Amino acid sequence: MSIFNIKFIMHILPYIATLGADDESNLSGMGVYISRSIVGPYDDNTLWDLKNVPAVGVGFSSRLWLNNLPIHVGVGLSPKIWEMKRKQGDTKKITINKVNYVDLWMRLSSSAMKCIIFSDLNVGTYINGKRYIEESDASFQELKTITEEDISIDEFGMDFGISFGLGYQIDKLQVNLKYIRGLSEPSEDIKFYGTVLSLGYEF
């Protein structure tokens, strides 16, 4: 996504949000949410068969007004899991990466009836992760090895992203589905993308 497109989106979102905004008295306070995400790197590596794996996250959110603009902000745990397979002859190697990010996000939205259209900007900080490596040989099954290692704090950096989604309000419950696209490379040649399904409750 080009810089021009990002700037254009950021300019029009406030106008879309104000068109569909409720008055200030209808904005809720704190909320909590749980999410099921399938987020991982782009699959542009021809040497590995890559698959993003579902992960569960949680977080807190709040609705507030900023210079007469209704926004939704939150912080949450956003795990990302992906599996990489590679086979050479009889030798097979499977690597599973599990990385945990804490995301800060801001949402601009527009609503009609109970339906919501929104866009999020998020900034994520890597906190920890694990890597599982399984190596096996079809000719010698007893030679199968599984190793586990911590992923260094220096291996993944900040993650910046944008997302677009749809939601549906049911009293104090809200169901959202969004598509995430990474704008940065938190690690060399890695940009995250994927979908997130979440269920939130506002107090």
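This briefing covers the nonpolar core, strand pairing and aromatic contacts of the structure above. The model is predicted: local features need pLDDT of at least 70, side-chain atom pairs count only at pLDDT 80 or more, and totals for chains, interfaces and linings use all residues. Residues are numbered from 1 along each chain as its sequence is written, and side-chain values use heavy atoms, with hydrogens and water left out.

**Core**
- The largest nonpolar core has 14 residues. Such a core is a set of buried Ala, Val, Leu, Ile, Met, Phe, Trp, Tyr and Cys residues joined through side-chain atoms within 4.5 Å.
- Trp82, Val99, Tyr101, Tyr126, Phe156 and Phe192 touch the most other members.
- Strand 4 (69-88), strand 5 (91-112) and strand 10 (192-202) each give two or more residues to this core. Strands (E, at least two residues) are DSSP runs, numbered from the N terminus.
- Beyond its neighbours within four places in sequence, Tyr101 is in contact (heavy atoms within 4.5 Å) with residues including Leu77, Lys80, Tyr126, Phe156, Pro186 and Phe192.

**Strand pairing**
- Strand 4 and strand 5 run antiparallel, joined by 17 bridges. Two strands pair if DSSP finds at least two bridges between them.
- Lys87 stands opposite Lys92 in strand 5.
- Two residues separate strand 4 and strand 5 in a hairpin, and Gly89 in the turn has a positive phi of about 65°.
- Strand 2 (residues 49-53) also runs antiparallel to strand 4, with five bridges. Asn52 has Trp82 in strand 4 as its bridge partner.

**Aromatic pairs**
- The whole structure holds eight aromatic pairs. Rings of Phe, Tyr and Trp (its six-membered ring) pair if their centres lie within 6.5 Å; planes under 30 degrees apart count as stacked, over 60 as edge-to-face and the rest as tilted.
- Tyr101 and Phe192 pair edge-to-face, at 6.0 Å centre to centre and 75° between the planes. This pair links distant parts of the chain, strand 5 and strand 10, 91 residues apart.
- Tyr101 is buried at 0% relative accessible area, and Phe192 is buried at 1%. Buried means under 20%, exposed over 50%, partly exposed in between (1.4 Å probe, protein chains only).
- Tyr201 and Phe203 are also edge-to-face, at 5.5 Å and 80°. Tyr201 is partly exposed at 35%; Phe203 is exposed at 56%.
- Ring pairs join Trp82, Tyr101, Tyr126, Phe156 and Phe192 into a cluster.

**Charges over rings**
- The charged end of Lys80 sits over the ring of Phe192, 5.4 Å from its centre. The criterion is NZ of Lys or CZ of Arg within 6 Å of the ring centre and within 35 degrees of the ring normal.
- Arg107 lies over the face of Phe118, 3.8 Å from the ring centre.

Definitions and conventions:
Helices (H or I, at least four residues) and strands (E, at least two) are DSSP runs, numbered from the N terminus.
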